[in-house]
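Here are a few notes to go with your first look at this one. Have the model open while you read.

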Amino acid sequence: TVAAEQKLGRCAGCPAAYDERLLERLRAWRAATAQRAKVPAFVVFTDATLQAIAERAPATLEDLGAITGVGRVKLDRYGAAVLDICRGGDGM
């Protein structure tokens, strides 16, 4: 979809270069985070946003905040955990 393409910064059918293990860790963290907050997983981050994070593997809050779908509130709420996961941690 157009929205997914905007978040990814590429066409939806274009090949992606990302660490599949990173994406799986992000999905596991999102599921646990959503369960604790009693909200659907997409409220934490959409699939397209998680894929964009996995593709870019941001190293700083500024890098993470530059990804479409990561606004100020989500950056403040989840930024440290997401960066920890990108560095190989579990985000917990």
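1. A quick word on terms: contact, or touching, means heavy atoms within 4.5 Å. With that in hand, take Leu 64: leaving aside residues up to four places away in sequence, Leu 64 touches Ile 53, Pro 58, Val 70, Leu 75, Gly 79, Val 82 and Leu 83.

2. Before going on, note that this is a predicted model, where local features need pLDDT of at least 70, side-chain atom pairs count only at pLDDT 80 or more, and totals for chains, interfaces and linings use all residues. Residues are numbered from 1 along each chain as its sequence is written, and side-chain values use heavy atoms, with hydrogens and water left out.

3. Now the rings. Rings of Phe, Tyr and Trp (its six-membered ring) pair if their centres lie within 6.5 Å; planes under 30 degrees apart are stacked, over 60 edge-to-face, and the rest tilted. That rule gives 3 aromatic pairs. One of them is Trp 29 with Phe 45, tilted, at 6.2 Å centre to centre and 35 degrees between the planes. Trp 29 sits in helix H2 (residues 20-37) and Phe 45 in the loop between helix H3 (41-44) and helix H4 (47-56), so this pair ties together parts 16 residues apart in sequence. (Helices are DSSP runs of H or I, at least four residues, numbered from the N terminus.)

4. Are these two buried or exposed? Trp 29 is buried at 3% relative accessibility, and Phe 45 is buried at 1%; buried means under 20% relative accessible area, with a 1.4 Å probe and protein chains only.

Conventions:
Helix = DSSP H or I, 4+ residues; strand = E, 2+ residues; numbered from the N terminus. Buried < 20%, exposed > 50% of the residue type's maximum accessible area, 1.4 Å probe, protein only.
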